[in-house]
Amino acid sequence: MATSPCSSSGVSSSSSSGLGADAGLEIRTRSVEQTLVPLVSQITTLINHKDKPKRSDKTLQAIQRVGQAVNLAVGRFVTVGEAIANENHELKEEMSVACIEARRAGETIAQLTDVASLDHPESDSHITIFTDKTGVVKAARLLLSSVTKVLVLADRIVIKQIITSRNKVLATMEQLEKVSSFQEFVQIFSQFGNEMVEFAHLTGDRQNDLKDEKKKARMAASRAVLEKCTMMLLTASKTCLRHPDCESARINKDGVFHRMRLALEQVIEIVTDSRPNGENEMAPISIYSGIKEFKNKVEGLRENLYFLSKENLSTMLEVILEHTEDFTDSAYTSHEHREHILELSKQAKMELEQLVSVWMQAQNQKTKDLMEDLEVAILKTCQCMNELKREVHGAATSLAADLLKYHTDHMVLKALKITGVEGNLEAVAEYTCKLSEQKEQLVEMCRLLRHVSGTEPLEITCIHAEDTFQVTGPQIISAVETLALHPSSKIAKENLEVFCEAWESQLSDMSMLLREINDVFEGRRGEKRVYLSLPRPGKHNANLKALKPVKLDTEEQAKIAKLGLELHLLTSEVDSETEKWEDQENEIVQHGQGMSSMAYSMYLFTRGEGLLKTTQDLFHQAEIFATEGMKLASAFQAFSDQIHNDDKPLLLLEAEKLIPMCKQLQITAKASVQGKSAIFTKVDACIQKTRNVMTLLCQLLPLCSKLMRKNKAGNGYLKPAPPWREDRIRTGTNAHAPERRAETFGIKSLENHVTNMTFLESK
């Protein structure tokens, strides 16, 4: 569905000097706001200059310089705006009008501030800022309004790019749903992966640019869904292709496609600031937000006894107490918490009755005694609401802590994997019932946590978690049912693993969310939370030398996140290539798999996950990765010695690039740096250099595979490579058994992923 970006074009802004942009315009992004800041500052300087009887030459020159600077800046700005208009015909007319207005306003300000060369700036023959201050204010308002319009029109183009990218993804998804062969699927999925990477970059930039924290959190949640679902779509589709008559496999695949479409639609709703069919967004009301608003109204009675009615206050309390029923009616709330919540609810009603009684008397007769009684009633009502808030917080967080601790061993998931492989349908049915029970517990936990989350972004994260458990539970069940029906199917087993890992990942995220909710409640959190799809700064291990934790700012996080995504898709390509080798013990394969595992752990670091917890961990991993690359270079050299001379130069030409690239990475990883900026630069450089090495591997591995097949076909059959040494250098991520998360937000190129269909057909 194509969505018009026009609905998100509005911008409104005002400054303390009384300068206001068009009242119909609202600034929604930081980039637009930050572009306007210096212009507003310069114009405010002009408007607020002090009128003195005598003006020095220095003052006159300063005023003229500011005016000229504004005009020159506007001129450059308008030139860019006009170029954008020429490239986007649907916006050309509006953009051209705004550019003309901005240029005219800039020139007017330059004329009115052309005072430095005048002996008498007040001369009637020359209108200046001193003789026509109203004219300057008008020109300033016109300038701000027109410049803002240009910026917002340019922002529409960004929105249009996101919509276009979304439409391409949807179109390719429709093709993927209809494919009937592996070969066709691989070709289309390669295109789909590229389109998802583009969409990830565009929406990631937009997320970082949004001013509204609530929209930012919603965008992060939608992008997290797309990230996880991309890998789910791959394995679910492959399973369906492998078992086309399996109903549970079809249900599993359809669920993934449906969830991705919903997430794509929500992204568009956020960037266009619109809802389908024009309906308004109904934000769920939490107990925390209800209590906060109620207390504000009650405390407002100190200043104004007449600004609201007693009916309004009573209705607000009724709504809050209705929400407490989510706790008192829950089977998972302890008896003690339930009793305390009911007692406090009853007390809150009594305190409000007393408050209303004194309040009504004070409206009729404002005596000192009555005002003192009113103050006491206000304090007692607010105190009761605070106790109620504390009680529901305790009920929700204690339940969450108990459930997360109880489910940390993932026993049900492990049992499902075992019984699925055994083809034990009766045992699978038993454990799917247990998983459904677990899902209901976790969904209830999320609902209760939302009431006490404390901030809108955390509320949205709770809603996202609830949806994830609600959807992933049935998907695990359909995946395990498929495996139980086809117990020898490797792809069905892989598919179940992907959905189980998504469940485990969400449980891990809940532990972090619980900590953040407690931090908000106890007033410990002094900074904005880092959203789902952005990398989180690691905490340094106690056994390492004391290092000052480095907090990446939003721009740094976005840059590292993009590099991480690129690294992730490269590991997918390398894994795909190594899977094609018949001899999995070949030294090239083993080194390649080890390096892919290490690169994957570095990708997890960019997300704040995995075993690499600190920047020091990352640098150490980069060193080992480079060492492994040196060994791989030696393996390539040994391989080249075994092939025909005609083919050797081609391989050596590419392989010789590997050693200097690994040496550069080693030097970078070992370099000593200090300070936040320098550490970020080093992290960035290490990941970039790792990415470059992985890119080269993606070229070398298929080349080696091709040469090996060629030599086998002729008389130059290769002798087996020496066995992989068990005492080789290992990393914390375990080169043989890499920790694989199922999250991927786009796989750049899968053209070679299934070129040899035989290995897929065997699954």
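Which residue forms a salt bridge with Lys417? I found Glu497, with the closest N and O atoms 3.3 Å apart. The pair links distant parts of the chain, since Glu497 sits in helix H15 (residues 490–521) and Lys417 in helix H12 (residues 411–422), 80 residues apart. My cut-off for a salt bridge was a side-chain nitrogen of Lys or Arg within 4 Å of a carboxyl oxygen of Asp or Glu.

Note on the source: this is a predicted model, where local features need pLDDT of at least 70, side-chain atom pairs count only at pLDDT 80 or more, and totals for chains, interfaces and linings use all residues. Residues are numbered from 1 along each chain as its sequence is written, and side-chain values use heavy atoms, with hydrogens and water left out.

Entry on salt bridges. I counted 20 of them in the structure. One is Lys160 with Glu90, with the closest N and O atoms 2.6 Å apart. Lys160 lies in helix H4 (residues 133–178) and Glu90 in helix H3 (residues 89–112), so this pair ties together parts that are 70 residues apart in sequence. For helices I took DSSP runs of H or I with at least four residues, numbered from the N terminus.

I also looked up Arg156, which bridges to Glu94 at 3.4 Å between the closest N and O atoms. Here again helix H4 is linked to helix H3, by residues 62 apart. Arg156 is buried at 9% relative accessible area, while Glu94 is partly exposed at 40%. (Buried is under 20% relative accessible area, exposed over 50%, partly exposed in between, with a 1.4 Å probe and protein chains only.) I noted a network of salt bridges too, linking Glu247, Arg250 and Asp254.

Entry on the surface. Glu318, Glu322, Glu325, Asp326 and Asp329 gather in a patch of negative charge. Patch members have over 30% relative accessible area and no salt bridge, and like charges are joined within 9 Å. Asp329 lies in the loop between helix H9 (310–328) and helix H10 (335–364), and counts as exposed because its relative accessibility is 62%.

Entry on cysteines. How many disulfides does the count come to? Zero, taking a disulfide as a pair of cysteine sulfur atoms within 2.5 Å. For Cys240, the nearest cysteine sulfur is that of Cys246, 7.7 Å away. Cys240 is buried, at 11% relative accessibility. Cys382 is in no disulfide either, with the sulfur of Cys384 nearest at 9.9 Å. Cys382 is buried as well, at 7%.

Notes:
Patch = residues over 30% accessible without salt bridge, like charges linked within 9 Å, V, L, I, M, F, W, Y side chains within 5 Å. Areas by Shrake-Rupley, 256 points an atom, 1.4 Å probe, with all protein chains shown as cover. Lys, Arg positive; Asp, Glu negative; His and termini not counted. Charge placed at Lys NZ, Arg CZ, Asp CG, Glu CD. Helix = DSSP H or I, 4+ residues; strand = E, 2+ residues; numbered from the N terminus.
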